[in-house]
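Thanks for coming. Please have the structure open as I talk.

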Amino acid sequence: MNPFIAMQQAVDIVESSPHPTNKIAATLFGTGCDGQEFSISRTNHWPEAIETGLGREARVGNSSGTIHAETACILHAPCTDGASLCITDPFCPNCAKNIAEAGIKTIYIDHKGFQKDFFARRADHFETMSMQICEKAGISVYELWRKDEKLVPIYMAPDGYIPPNDSPITVDDIDTVDEATFQQVIAGATALHSRRKFSAAFVQKPDGGHACLIARAHPVIGYSMQDPQDALQVEHPEGKYSFLQEPVNRILMHMARYGYKLINNYFYCSQVPTSREQVNIVGAGIKRITVGDASKYRGHNSVDAMNLLRENEILDYS
Ligand SMILES: [Zn+2]
């Protein structure tokens with residue numbers, strides 16, 4: 001698909017965004033795991049379970065209840081590895097991390113997105129974090145002019161660039177999918193990661209085989225803790241965003257990247273996921289998560305988010 005058509009599809013639905021002020025849309029397109037071309041368009045929105053259960057005003061811990069358009073496309077795409085993304089507006093650092101983990105290689109931003117007040121307020125984050133994440137991950141970013149069918153490069157990734165990936169997600173084939181095997185995998189990973197936060201999932205692969213995914217929290221793909229400059233930047237981010245990618249988000253994005261589907265809610269996090277992770281779980285249509293140690297969390301708002309989603313029967317915790 002050409003990016004001008006893909007961008008037009010996003011522009012055509014942007015007004016349908018339920019957000020009262022910041023209406024944003026995106027189209028993700030590429031070749032799926034079955035070799036078929038696909039395109040998927042979404043606006044930023046409240047996942048149905050949150051909208052009906054909590055309403056639009058509710059905060060979920062320290063997170064809004066909305067899913068951004070870019071992340072919504074990723075969570076519902078057949079396979080995002082090597083795909084392209086058109087967005088009506090410049091993207092936030094959290095979406096940049098998801099885009100990098102999902103293996104998306106090209107982003108187009110509508111040129112009008114740079115002229116809005118909304119961007120003026122967020123230009124800093126875009127330049128200091130979102131674009132840096134893209135450079136590290138090897139993602140090319142273009143400003144797209146629909147009328148003139150013109151592309152202006154903001155960053156072009158070198159050909160054949162492969163980003164460093166210190167802590168890859170492990171993918172192990174499994175023969176048996178049952179609770180006993182799941183518990184066995186979790187016990188093994190708990191010992192291996194010596195009580196650090198990790199997430200695990202049983203998935204079905206596009207070829208029909210089953211696998212177990214395990215991920216630890218790690219800076220987003222492209223950042224290496226072996227590199228002193230990267231480590232310094234990761235440890236001292238400016239503002240409210242972080243370069244760390246939480247394990248639940250890593251698993252969700254990795255599933256999207258390779259077209260893996262979660263089996264029967266076999267989804268685990270060793271401690272209470274962050275508020276944003278929990279909103280993303282709901283946004284991915286997942287109904288249940290197993291939490292290893294509910295007395296461990298990064299901030300108390302994670303527990304608030306868990307209690308709220310549990311009490312309203314939006315997400316089941318075991
Ligand atoms: Zn975003």
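Start at Gly285, which follows helix α9 and has a positive phi, near 80 degrees. Before going on, a word on the source: this is a predicted model, where local features need pLDDT of at least 70 and side-chain atom pairs count only at pLDDT 80 or more, while totals for chains, interfaces and linings use all residues. Residues are numbered from 1 along each chain as its sequence is written, and side-chain values use heavy atoms, with hydrogens and water left out.

Helices here are DSSP runs of H or I with at least four residues, strands are runs of E with at least two, and both are numbered from the N terminus. Back to α9, residues 275-283: eight of its nine residues are buried, so the helix is largely enclosed by the rest of the structure. Among the buried ones are Val279, Ile281 and Val282, and also Glu277 and Asn280. Buried means under 20% relative accessible area, exposed means over 50%, and partly exposed is in between, with a 1.4 Å probe and protein chains only.

Leaving out residues up to four places away in sequence, Gln271 touches Lys197, Val291, Gly292, Asp293, Lys296, Tyr297 and Arg298. Contact means heavy atoms within 4.5 Å.

Which sheet holds β14? It is an open sheet of six strands with mixed pairing, in the order β9-β11-β10-β14-β15-β16. Its edge strands, β9 (170-174) and β16 (316-317), each pair on one side only. Two strands pair if DSSP finds at least two bridges between them. Within the sheet, β10 (residues 198-204) and β11 (residues 210-216) run antiparallel and are joined by seven bridges. One of those bridges pairs Gln204 with His210 in β11.

Another antiparallel pair is β1 (residues 25-31) with β2 (residues 37-43), again over seven bridges. Thr27 sits opposite Ser41 in β2. Five residues lie between the two strands of this hairpin, and Gly35 has a positive phi near 80 degrees.

Now the metal. Which protein atoms are donors to the zinc ion? They are ND1 of His68, SG of Cys92 and SG of Cys95, at 2.1 to 2.3 Å from the ion. His68 is in the loop between β4 (63-64) and α3 (69-75), and Cys92 is in the loop between β5 (84-87) and α4 (93-101), so this pair ties together parts that are 24 residues apart in sequence. Donors are N, O and S atoms within 2.8 Å of the metal (3.2 Å for Na, K and Ca), and water is not among the atoms, so sites may look incomplete. His68 is partly exposed, at 31% relative accessible area, whereas Cys92 is buried, at 13%.

Finally, the whole chain. There are ten helices and 16 strands. The radius of gyration is 19 Å, close to the 20 Å that the globule rule gives for 318 residues, so the chain is as compact as a globular protein of that length. That radius is taken over C-alpha atoms, and the rule is 2.2 Å times the number of residues to the power 0.38. Buried residues are 53% of the 318.

The domain assignment gives domain 1 (3-155) and domain 2 (170-317); such bounds come from an automatic or database assignment. Their C-alpha centres are 22 Å apart, and 40 residues of domain 1 contact 37 residues of domain 2.
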